[in-house]
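I opened the notebook to go through one model, a few spots at a time. Here is what I looked up, in the order I looked.

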Amino acid sequence: TPQRARPGGAAAAGQPDWVTAFVQKKEERDMVDRLKEEQIRRKKREDRLEKIRHNVQLKYAAKRKRCEEDEAKRLLQLSKEALSQGAGESLLDQLDHNEEELILAEYESDDEKKVVSGLEEDDDDLEEEHVTKIYYCSRTHSQLSQFVREVQKSPFGKDTRLVSLASRQNLCVNEEVRHLGALQLINDRCMEMQKNKQEKKSDEENEGKKRRVSHTVCPFYSYEQMQFLRDELLVEVKDIEQLVSLGRETKACPYYGSRFAIPAAQLVVLPYQMLLHEPTRNAAGIKLKDQVVIIDEAHNLIDTITCIHSAEVSGSQLCCAHSQLSQYMERYRKRLKAKNLMYIKQILYLLEQFVAMLGGNVNQNPGCQAVSQTGTVLKSINDFLFQSQIDNINLFKVQRYCEKSLISRKLFGFVERYGGSASAVKTNKENQKLAGLQNFLLTLQQGSDKEGDPPVEAEHDQLRTASPLMQIEGFLSALTNANQDGRVILNRQGTVGQSSLKFLLLNPAVYFAKVVEECRAVIIAGGTMQPVADFREQLLCCAGVDPARIVEFSCGHVIPPENILPIILCSGPSNQQLEFTYQTRDLPEMMDETGRILCNLCNVIPGGVVCFFPSYEYEKQVYGHWEKTGLLSRLAAKKKIFQEPKKANQVEQVLVEYAKCIKRCSQTGGQMTGALLLSVVGGKMSEGINFSDDLGRCVIMVGMPYPNIRSPELQEKMTWLDKTMPRAAGQAPSRVLIENLCMKAVNQSIGRAIRHQKDFASILLLDHRYARPAIFNKLPQWIRERTQVKPAFGSAFAELRKVRTRILCPA
């Protein structure tokens, strides 16, 4: 009971009043003493930071001390080298070291030291009470840096204790670790270096015992240096780039230095993946109890939580991991303890059963095994566990073993050392001959006479960039979710190698619930959040939040009403009704009508015009049709045409050329009035890109970008919503989801044009369905209030000509 849970509660039940009063007073005195101690600690910290802020000499003294220590270490190393007993012994040590590395994958030390994490001892020294703070999260590091710069410019910049958090991939300054590239490899290598530091300490204490080979220790992981870095961070606001530069200068780790600064910080800036994933949150030392969380750019928050906690593994990865792990076990069988062997055999069994569920055999090449029954099947977690015959294995224990033993990192080191022999899938002689013949035929077919490497090898190279077991660990972790909160998708395609197993999270609220429970306030913010019903129902109410606690606030836009002209166009110049459904959008007359609308608009709108299509395939289809009919050449006479690239690394180049063309046309004049950019909803240009001023004087939305309703994942999500959510205004929750996904994508895309207070643009929605009340009400309020519904093209064109007159003849 609550009474027993309180200190002294049980004893107080049968005690006299004076005893109870004494116990209560003692508890109050203890609480006051604790608060006084905390107040003294905070005062000392404030004084120390103030002293550092105003005393530049302290910085120079600390820097000079570091230089002296570095010089002393260098001289000591030179002395040791001078006293070494010749090159022969050094060579012997090197050979010993290499031999030890070959057997580095043994798990004895991991098993014995399972409890010691390598960081806990130092963490205890640096642990402080967390002050009340704000955690500010956004989607990308560039958005966070922009926010930090605004804080620096604000009146609060000098007095605010701000800390920027990021992954090791962004903050690591150890070049040896950075060059590993993959985040998982960087994390594992860093943890190993911290572990080596602990082993080094214990070796120094037990110097007379068995001689061990020295392992690499990170030179940037030093308590004093990181303490200095922590104080520097708290004294002055710094973004991630400045933090990394300071880390290199002070030879201190920015990743851990920033973590140590969290307790004393008033404002912590971090990407929201770090806050939403509980293991990452705990590893970073983030404590949400009674703190304030602001999640900015939160329009895709539900999708983000779903993606973070979903996992997919291919048949190739499963077979490759089984081959690597079985070869590893055979090589080091005599060096592994019984418990290690037991867990490795369990993991191998899991991999065998997973491949069997895809209709294959782990001992054969996955690229050569055809799948008899292709298609997609969805199963509940329990059904999948029973049918794959792994329900008798404790996945929680296997998951914990993988985390503590770092088996995936050790396996990666084993594969790196032995190259192709460890990553090649074990096959019998007949399969090897068949695989070799197929690879040879494929080589001839593709005409790859330059490289000569078969495609399977290229696949292995991709797999070896990050150990496949790392990916599989994520899938095992996902299988520990509650049965009702997720589904397992078996995607059987062509061969076992091409097939995959995917865990789909259906209920993101289970992971958001802890954030909501612990925080004193959570603010979910964004420039375009409409429609907001998804956040309220799927995320907050499902997480157990009292509806009375949920407060919605929406403000108007900074631009005046006359700076925006949103039009819903119901028919085109030839009175063809605009309805871009899957059945009608492929009709030649519909594509012709779209082209005629664009031609008319490009004649009167100067600068840049951005046209969004529902998909890459439809954009390609329309472009090809316009080429055949000559519409494209008519468009190109007025606007230079650009297409959104599929590859992310080409986006910047296209945007630069697009901007240059518009600037050149505005300066030189002539027949060419600007540029037309054909983009895709949900693509690279629909989010995070600024089409401000002349880059986007008109944004056109072709049709309604409904998601693919045939997708098994979406169908399962719809079924789950219909079962768990109440009907809203007579509509099924699944129908509401489809409409909301569509309108969120539309709102994000059309919001690209208005980027500052004096910006202005036209917005054209080409589809009569936008005028339906259910759809119309899901537009952002600042757009909805100014939207005109035009049944005919003539009146819409007249409105657009007025805008042109205003641009060319400003008041």
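**Strand 1**

I started with strand 1, residues 134-138, and found it mostly covered, with four of its five residues buried. For my own use: buried means under 20% relative accessible area, exposed means over 50%, and partly exposed is in between, with a 1.4 Å probe and protein chains only. The strands (E, at least two residues) and helices (H or I, at least four residues) I quote are DSSP runs, numbered from the N terminus.

A reminder to myself that this is a predicted model: local features need pLDDT of at least 70 and side-chain atom pairs count only at pLDDT 80 or more, while totals for chains, interfaces and linings use all residues. Residues are numbered from 1 along each chain as its sequence is written, and side-chain values use heavy atoms, leaving out hydrogens and water.

Next I asked which strands pair with strand 1. Strand 3 (residues 267-271) pairs with strand 1 in the parallel sense over five bridges. Strand 4 (residues 292-295) also pairs with strand 1 in the parallel sense, over four bridges. I count two strands as paired if DSSP finds at least two bridges between them. Ile134 has a bridge partner in each: Leu267 in strand 3 and Val292 in strand 4.

**Salt bridges**

How many salt bridges are there? I took a salt bridge as a side-chain nitrogen of Lys or Arg within 4 Å of a carboxyl oxygen of Asp or Glu, and the count by this rule comes to 18. The general idea is that side chains of opposite charge can pair when their charged atoms come close.

I looked at Arg248 and Glu175, whose closest N and O atoms are 3.8 Å apart in a salt bridge. Arg248 sits in helix 13 (residues 240-250) and Glu175 in helix 10 (residues 175-178), so this pair ties together parts that are 73 residues apart in sequence. Arg248 is partly exposed at 41% relative accessibility, and Glu175 is partly exposed at 48%.

Then I checked Glu236 and Lys238, which meet in a salt bridge at 3.4 Å, N to O. Is each of these two buried or partly exposed? Glu236 counts as partly exposed at 45% relative accessibility, whereas Lys238 counts as buried at 11%.

My next pair was Lys502 and Glu713, a salt bridge with its closest N and O atoms 3.5 Å apart. This one links distant parts of the chain, with Lys502 in strand 8 (residues 495-505) and Glu713 in helix 33 (residues 712-724), 211 residues apart. Lys502 is partly exposed at 22%, and Glu713 is partly exposed at 24%. I also noted a network: Glu175, Arg178 and Arg248 are joined by salt bridges that share partners.

**Asn563**

I looked up Asn563 in the loop between helix 28 (533-541) and strand 10 (564-569). Asn563 is buried, at 8% relative accessibility. A polar atom of the Asn563 side chain lies 3.0 Å from the backbone oxygen of Asp759.

**Helices 19 and 21**

Last, I asked at what angle helix 19 (residues 338-357) and helix 21 (residues 395-405) cross. Their axes come within 11 Å and cross at roughly 115 degrees. The axes are lines fitted to C-alpha atoms over the stretch in contact, and angles run from 0 to 180 degrees between N-to-C directions. Helix 19 and helix 21 are therefore roughly perpendicular to each other, a label that covers 65 to 115 degrees.

Terms used: A polar contact is a pair of N or O atoms within 3.5 Å; within protein, one must be able to donate a hydrogen and the other to accept it, and residues adjacent in sequence count only if both atoms are side-chain atoms. Angles under 35 degrees count as roughly parallel, over 145 as roughly antiparallel, 65 to 115 as roughly perpendicular and the rest as oblique.
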